[in-house]
Amino acid sequence: MINKKIKLLLIITLVFVFSCSTNNVGADNDFLAYYNTFYSAETSFDKAEEIIDNSPLDIEISKSTIDLLDIAIENSNIILDKYYNTQYIDDAYYIIARSSIYKEQLTVAKYYFEKIVRDYPESDFFYESYIWLGFIELDFGNYENLDNIMLYLNNNLDKVEKISLYYLFLAKYYETFKYDKSAIQEQYLLAIDSENQSSKKRKIYLELINIEDSNKNYYKVIEYIGYLNELSDFDLDTDLL
């Protein structure tokens, strides 16, 4: 969402300058209210996700983080209710869906991801939404729907093979259907290679460390801790061993 954020801030600045030199106060206030609402939704979600990404694995999401997700959902719903003809509708759907994933409200998440793939084929979130639907159908055990999603993703590899989330989905798919452990780990490594954010890479390395620890493959554990330390500002060896 970085590019849209920059665009958003530029538009808000231009509108502010414009409003200072015109008498069209009502329209300008509505315009600013719209963008302020979207900005609040997006920044609240981004803050919540940053906290979650930097938290230990399998830890319950804190109330303060849930509050941020609720703010993101609330403001996204305002966009949908009051500004439904504007350009950020698919963003609002995506924020609600992702926030609902974190809150374990999968039916809600599925509803909004499906709206993106059905109504916004040009959205920046189109292929990610398809992948998230794969996670959800896997969790629900809806294997016929899951097969259709897998077929679609396989037919669009040129679009999804650069998305880290795609490999995380394959890792979970392989785990569910008892694929070879090396194939599962390969997907996690491909996810790391495709990921740009250090916090998300760190989370994936922690998953790999847990896997290798359960396999008693301590050489791999040490190797992944080494990679993990390269992403960190401090030494994690004491905490993880």
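The legends below accompany close-up views of a predicted model.

Figure 1. The protein chain has 241 residues, of which 46% count as buried. Nine salt bridges are found in the structure, and some of them are shown in the views that follow.

**Figure 2. The salt bridge between E49 and K200.** The side chains of E49 and K200 meet in a salt bridge, with 3.1 Å from N to O. Because E49 belongs to helix α2 (residues 25-53) and K200 to helix α11 (residues 198-214), the pair ties together parts of the chain that are 151 residues apart in sequence. E49 is buried, since its relative accessible area is 10%, and K200, at 18% relative accessibility, counts as buried as well.

**Figure 3. The salt bridge between K63 and D67 within helix α3.** The side chains of K63 and D67 are joined by a salt bridge, again described by its N to O distance, which is 3.1 Å. The two residues are four apart in helix α3, and K63 and D67 are therefore separated by about one helical turn. K63 is exposed, with a relative accessible area of 62%, whereas D67 counts as partly exposed because its relative accessibility is 31%.

**Figure 4. The salt bridge between K110 and E137.** Side chains of opposite charge can pair when their charged atoms come close. In this view the side chains of K110 and E137 meet in a salt bridge, with an N to O distance of 3.1 Å. K110 lies in helix α5 (residues 106-119) and E137 in helix α6 (residues 126-140), so this pair ties together parts that are 27 residues apart in sequence. Both partners, K110 and E137, are buried.

Figure 5. Two packed helices are described by the angle between their axes and the distance between the axes. For helix α3 (residues 63-82) and α4, the axes come within 9 Å and cross at roughly 150 degrees, an angle over the 145 degree cut-off, and α3 and α4 are therefore roughly antiparallel to each other. The crossing in which α3 passes α4 is left-handed. S100 is located in helix α4 (residues 89-102), and S100 is buried, its relative accessible area being 1%. Between the C-alpha atoms of S100 and D70 the separation is 9.1 Å, although these residues are 30 residues apart along the chain.

**Figure 6. Helices α7 and α9.** Helix α7 (residues 143-155) and α9 pack at an angle of about 140 degrees, and their axes are 13 Å apart. This angle makes α7 oblique to α9.

**Figure 7. A nonpolar patch on the surface.** Y143, F177 and Y179 form a nonpolar patch on the surface, and together these residues have about 290 Å² of accessible area. Y179 lies in the loop between α9 (164-176) and α10 (181-194), and with a relative accessible area of 40% Y179 is partly exposed.

Definitions and conventions
Residues numbered from 1 in each chain as written. Predicted model: local features only at pLDDT ≥ 70, side-chain atom pairs only at ≥ 80, totals over all residues. Heavy atoms only, no water. Patch = residues over 30% accessible without salt bridge, like charges linked within 9 Å, V, L, I, M, F, W, Y side chains within 5 Å. Areas by Shrake-Rupley, 256 points an atom, 1.4 Å probe, with all protein chains shown as cover. Salt bridge = Lys/Arg side-chain N within 4 Å of Asp/Glu carboxyl O. Buried < 20%, exposed > 50% of the residue type's maximum accessible area, 1.4 Å probe, protein only. Axes fitted to C-alpha atoms, helices over the stretch in contact; angles between N-to-C directions. Parallel < 35°, antiparallel > 145°, perpendicular 65-115°, else oblique. Left-handed = near helix turned anticlockwise from the far one by under 90°.
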